[in-house]
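Student: Can you walk me through this one? I'd like to start with the strands and then look at a helix.

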Amino acid sequence: KRQKWMFTNFDCSVYFVKNASHLIKSFEILPEYLKTTSRGSVNDYRDWGVPLGRRFRALKLWFVLRSFGVAGIQERLRSHIALNTYFSKEIQKVSSLELALEPFLNFTSFRLHPQGVDDLQVLNSINEALLDEINHRGKIFLTHTKIHGLYTLRMIIGQTYVEKHHIDLALEEIKSVLERVLQKSLH
């Protein structure tokens, strides 16, 4: 599994690799979690060129280390892990939601699984509708992935100053949208 974290923006990250094939798969040209319904209708600037030369990407991480120090980074990472544990436990309390994987560091993958609905295509369609509705409302933004063919939603807690009340707002939004999607899809 791969996680971008450490408060640096795109193209600089620290990660530990247990299984190299997972890392390689996550860096493929268009992994599942980057596929969107807007592909082709908006500019994907990441596709517009190949970086030439070698930039000092690690400078961003150096500034983070200097600003927060090791203890400050440890404190924030531990906080994110604790918030993710809280988030995943709250998700499990919702009868129609289930975890797709065990929570991992600051990452939780979950999906809507209404009682009595077991058709994979129907479940994937319902979860895609859930994600579209959540993101369309604009209060929170989630991404998706497929795990063994199951369309799942991804919650990653890594914003530098995120606190419990932000997680509570995200949970409230997910539950609110969940009810609307359930009513539409099951009737």
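Tutor: This is a predicted model. Start with threonine 108, which stands opposite methionine 155 in β4.

Student: How many bridges join β2 to β4, and do they run parallel or antiparallel?

Tutor: β2 and β4 run antiparallel, joined by 4 bridges.

Student: What about β3 and β4, how many bridges there?

Tutor: Strand β3, residues 143-147, pairs with β4 over 5 bridges, in the antiparallel sense. Histidine 144 stands opposite leucine 153 in β4.

Student: Which residue takes a positive phi in that hairpin?

Tutor: Histidine 148, with phi near 50°. The hairpin of β3 and β4 has 2 residues between the strands.

Student: How many residues of β4 are buried?

Tutor: 5 of the 7, so β4 is mostly covered.

Student: Switching to α4. What span should it have, and what does the model give?

Tutor: Helix α4 covers residues 164-185, which is 22 residues. At 1.5 Å a residue it should span 32 Å, and its end C-alpha atoms are 31 Å apart, which agrees.

Student: Which residues of α4 are buried?

Tutor: Ile167, Ala170, Leu171, Glu173, Ile174, Val177, Leu178, Val181 and Leu182. They cover an arc of only 165° around the axis, which puts them on the same side of α4. On the other side, Glu172 and Gln183 are exposed.

Student: What do the buried residues of α4 pack against?

Tutor: Their partners are α2, β1, β2, α3 and β4.

Student: Last one, threonine 85. Where is it found?

Tutor: Threonine 85 is in helix α2. It is partly exposed, at 34% relative accessible area.

Note on methods
Residues are numbered from 1 along each chain as its sequence is written. This is a predicted model: local features need pLDDT of at least 70, side-chain atom pairs count only at pLDDT 80 or more; totals for chains, interfaces and linings use all residues. Side-chain values use heavy atoms; hydrogens and water are left out. The expected span of a helix is 1.5 Å times one less than its number of residues. Buried means under 20% relative accessible area, exposed over 50%, partly exposed in between (1.4 Å probe, protein chains only). The arc is that of the directions from the helix axis to the C-beta atoms. Contact means heavy atoms within 4.5 Å. Two strands pair if DSSP finds at least two bridges between them.
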